[in-house]
Amino acid sequence: MEKRFDKQSTECLTNSDSKAYQRVDRYGFEKSEDFKHEFHEELKADYVAVLTRRSKKWSKLLQDTERVEKNMKVKRYVRKGIPCEYRSEIWMACSGAQDQLESNAGYYDSLLKIEHDSKLEEVIRADMHRTFPDNIQFRVSSQPCLQNALFNILLAYGHHNKDVGYCQGMNFIAGYLLIITKDEEKSFWLLDALLSRILTDYYTPNMLGLRVDQEVLGELVKMKVPAVWETMKRHDVMWTLVVSRWFICLYVDILPVETVLRIWDCLFFEGSKILFRVALTLIRHHQTLISQSQSLPEICERFKQIIRGEYVEDCHSFMQKIFMEPGGLSSATITKFRKMWRNNITADTKTPH
Amino acid sequence: MSETYDFLFKFLVIGNAGTGKSCLLHQFIEKRFKDDSNHTIGVEFGSKIISVVNKSVKLQIWDTAGQERFRSVTRSYYRGAAGALLVYDITSRETYNALTNWLTDARMLASQNIVIILCGNKKDLDADREVTFLEASRFAQENELMFLETSALTGENVEEAFVQCARKILNKIESGELDPERMGSGIQYGDAALRQLRSPRRAQAESVQECGC
């Protein structure tokens with residue numbers, strides 16, 4: 001079983017075929033047909049400068065420390081973006097995944113060796129060809145094909161966390177983890193950090209954590225962007241309709257890859273609050289557009305519109321905005337709303353219809 | 001861009017994961033088979049105007065994720081659907097066995113009067129068939145469903161499935177069995193033309209104002 005990939009060959013996907021190189025981004029995703037090259041070239045030049053600067057800072061930071069600590073300085077660094085070359089290491093360290101990996105040596109491999117639940121296996125297999133068909137690394141023809149590694153991670157995870165098993169969406173998350181870490185075992189422990197600590201109950205069979213957070217977002221929008229809240233109410237649109245995919249996929253396949261990775265930097269370091277910040281920023285920034293919707297389908301359409309374009313492509317500015325635009329967002333507020341909605345939803349489920 | 005239609009129907013596409021719901025919808029709207037996309041999470045949305053018995057009907061179609069646990073999320077969209085495609089995969093008995101559950105959900109959450117067409121998809125994979133046509137048509141009959149075997153790959157019967165379902169709803173409106181003006185019927189008037197037919201005086205007053213939407 002090929003578990004660890006040759007680091008150099010996949011470090012940052014370079015391709016000697018210049019045509020192929022232009023078609024595919026550094027992570028292996030094919031660029032969409034409406035890809036605006038000019039805008040991206042300009043953006044890339046600016047961002048490369050940022051990355052170079054950040055890279056130096058990180059290199060210095062890591063030089064002096066045996067292990068990354070969770071302090072204010074690192075938090076500030078993380079918010080400004082973790083360079084590609086350090087991402088895997090920092091995610092592992094600040095999410096607790098590294099500790100788990102070290103104190104459970106051999107555990108991942110043992111999960112792959114046990115007799116597998118054939119039902120679980122079948123469900124996961126059914127999604128393999130439907131996970132990033134637009135990424136060349138996930139093609140059956142590619143060497144190595146990440147589909148196999150992805151399958152292993154999900155299968156191992158399903159056995160490790162029986163309450164969750166496999167939930168669609170986990171495939172996209174594990175897929176991104178693989179692209180970044182290029183290592184099955186690390187991806188497994190990062191997935192565990194997300195599912196069992198950072199986003200509890202999102203992927204369990206009743207998806208309670210997810211359903212609660214969708215409503216919490218509603219409460220936050222009511223507080224911070226009342227015009228949009230009114231519009232949603234007027235057209236009787238449930239939050240789940242427009243944001244379930246955002247939360248389940250942690251913005252994978254919603255926002256541009258680079259932007260998602262920057263969000264995940266903070267997700268691993270700071271926790272799930274960041275998901276609300278992103279959603280609130282998108283909604284607040286486009287509140288006029290959303291509020292002008294005349295019907296439910298129009299609202300849906302506009303919620304799709306706001307996740308595209310330069311505003312989200314420019315990941316560095318976008319990440320600055322998510323900490324400014326929605327204003328203060330205290331953990332106490334979120335905890336309060338979560339508690340309230342957990343009670344509401346649980347009570348509602350118990351009531352016979 | 002102006003769109004004119006006589007009616008708007010809300011439709012659902014439901015059924016187990018991997019039965020080809022999104023591919024059916026894509027084939028219907030784009031007339032092409034698409035097998036290179038990520039699977040659906042939550043709900044996707046599509047619409048198309050079709051012509052049925054001299055009426056133009058806009059279908060507003062909600063395509064749902066099929067995995068069991070997503071039902072706790074997707075059930076919220078059932079409300080007020082006028083029609084549904086209930087999809088299983090002819091090469092997978094498991095997806096067929098799940099039909100009863102889907103049906104109960106649809107009738108309970110959407111509306112008792114929801115018009116449902118059962119679609120045995122992947123008709124092109126006849127060699128791997130696990131569910132016979134006869135068996136499924138009996139099930140359809142017992143449960144008062146229309147029934148077609150479809151292929152999102154070749155396009156066979158895809159348009160027909162949507163059209164037949166819409167036609168049945170139109171028939172029910174004309175016979176008075178369905179009242180579009182009832183709350184949660186999943187039906188809306190597209191413009192004043194039809195109301196004019198049904199209640200001339202009231203509609204004439206309305207038709208003076210042209211609707212710009």
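1. A salt bridge is taken here as a side-chain nitrogen of Lys or Arg within 4 Å of a carboxyl oxygen of Asp or Glu. Lys304(A) and Glu44(B) form one, with 2.8 Å between the closest N and O atoms. Between chain B and chain A the count is four salt bridges.

2. This is a predicted model, in which local features need pLDDT of at least 70 and side-chain atom pairs count only at pLDDT 80 or more, whereas totals for chains, interfaces and linings use all residues. Residues are numbered from 1 along each chain as its sequence is written, chains are lettered from A and ligands numbered from 1 in the order in which they are written, and side-chain values use heavy atoms, with hydrogens and water left out.

3. Contact (heavy atoms within 4.5 Å) involves 36 residues from chain A and 23 residues from chain B. The two chains bury about 2,400 Å² between them, 55% of it on carbon and sulfur atoms; buried area is the accessible area (1.4 Å probe) lost when two parts are put together, summed over both. Of the area that chain B buries against chain A, Asn38(B), His39(B) and Arg69(B) supply 30%, more than any other three residues.

4. Lys80(A) lies in the loop between helix H4 (72–79) and helix H5 (84–95) of chain A; helices are DSSP runs (H or I, at least four residues), numbered from the N terminus. Not counting residues up to four places away in sequence, Lys80(A) touches Arg54(A), Arg262(A) and His316(A). The C-alpha atoms of Lys80(A) and Gln320(A) are separated by 7.9 Å, although these residues are 240 residues apart along the chain.

Key. Helices (H or I, at least four residues) and strands (E, at least two) are DSSP runs, numbered from the N terminus.
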